[in-house]
Amino acid sequence: MKQTIEVQRPGKSPSRVVIGDVINSLENYLPEGKRVVVIADEHVFHAYRPIIGAYDYCLIGLGETNKTLTTAQKLYGELLALGADRSTFILGFGGGIVTDIAGFVASTYMRGLPFGFVASTLLAQVDASVGGKNGVNFEGYKNMVGTFNQPDFVLCDLSLLQTLPEREFRAGLAEIVKAGLIADPGLFELFERHTLQEFRTDRALLLDAVTRAVHVKADIVARDEQEHGDRRKLNLGHTFAHAVEKSSREFLHGEAVAIGLVMIAALSEQNGMLSPADAARIRTVVEKMGLPLASGIELPRLLQALKLDKKKESKSVNFVLMNGVGDCLIRPFSFDEIDKIVL
Ligand SMILES: O=C(O)C(=O)C[C@@H](O)[C@H](O)[C@H](O)COP(=O)(O)O
């Protein structure tokens, strides 16, 4: 069973996101007659050695600290040593860190090679691998150097999630909750009706949630691939999340997003937009999915980091606020207003 969602790309055929039983037909998605080089991390390589080992491959270290220009430079060197050229196809196989960096390296090596992804974590399947934001962190700031360039395909096989540690699974759920809050109230309500355990074990429920989250993202990216307007909404919760990640290495990206959603819900409530009842629903869902509600980092430190977010424009930062579940809007906050935030 599988579903294909097409994400439109200006001037190119659509990027295809295939969700379901798909890993065994990987070969069918790779371009015929082209050399394939896989980029993966050490952990994924050991877990999927029989698949990855059939191709040339380059490995990176584990974790966000490896999503750097230094790692990209190492990969350029390895591609060069393998004799990779513009006829080579790059396959990023892994979670969001791998797909972000593989997409970036594929987009910049020799000014761009074709590429696709096998997304092996929930967070990569519902968010990171979809939509063409590729990049690396710089000086601790998230995704400061990168490209917009969508993969030819993203394969999201839910069976790959069976071995995903529960903490990472929960982190992936945070991005699905976010998608519901942006544009699909019914998706958000799934989290009110079901337990974490049900998401973990009920394949049909998970398939529904993943597919709906990808639809939310695909619709927005099709309208605004390069983030001039509506795409900013996909950053709901991320302005605070990136500040949390800049200030502490304690949290996974999805955990930081959960904290960011709770903080932005509080700010939206303070601004008279989100009702106290809806803000409470959001906190309840975050807690119910076993995600953190707060970082414990002092607010002034977060606000300082946030003012350097790449979403800043001169002396203001675009925040995504919520009017209600499934309804959000973009509003710039001046640095003066940011300094006055009390949550
Ligand atoms: O695809 C987007 O657009 C998003 O903002 C999705 C985010 O969930 C994702 O974490 C993205 O990588 C963050 O992008 P950034 O431009 O804020 O670094």
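Predicted model: local features only at pLDDT ≥ 70, side-chain atom pairs only at ≥ 80, totals over all residues.

Me: Which residues surround the ligand?

Reply: Around the ligand you'll find Asp127, Gly131, Lys133, Lys142, Asn143, Glu175, Glu227, Arg231, Leu234, Asn235 and His238.

Me: And where does the ligand lie relative to domain 1 and domain 2?

Reply: It lies between them, because domain 1 (2–163) and domain 2 (167–339) both give residues to the shell.

Me: OK, how many residues of each domain are in contact?

Reply: 27 residues of domain 1 are in contact with 29 residues of domain 2. On the domain 1 side, strand 1 (2–9), strand 2 (12–20), helix 6 (122–128) and strand 8 (141–148) each supply at least two residues. That side of domain 1 divides into 15 nonpolar, 9 polar and 3 charged residues.

Me: What separates the centres of the two domains, in Å?

Reply: 24 Å, taken over C-alpha atoms.

Me: Switching topic: which residues of helix 8 are buried?

Reply: Helix 8 covers residues 185–193, and its buried residues are Leu187, Phe188, Leu190 and Phe191. Looking down the helix axis, they fall within an arc of 140°, so they line one face of helix 8.

Me: What's on the other side of helix 8?

Reply: Pro185, Gly186, Glu192 and Arg193 are there, and they are exposed.

Me: And what covers the buried residues?

Reply: The cover over the buried residues of helix 8 includes helix 7 (166–183), helix 10 (203–223) and helix 13 (276–288).

Key
Residues numbered from 1 in each chain as written. Domains from an automatic or database assignment. Contact = placed C-beta atoms within 7 Å. Helix = DSSP H or I, 4+ residues; strand = E, 2+ residues; numbered from the N terminus. Nonpolar A, V, L, I, M, F, W, Y, C, P; charged D, E, K, R; others polar. Near = placed C-beta within 6 Å. Buried ≥ 20, exposed ≤ 12 C-beta atoms within 10 Å, placed from the backbone. Arc of directions from axis to C-beta.
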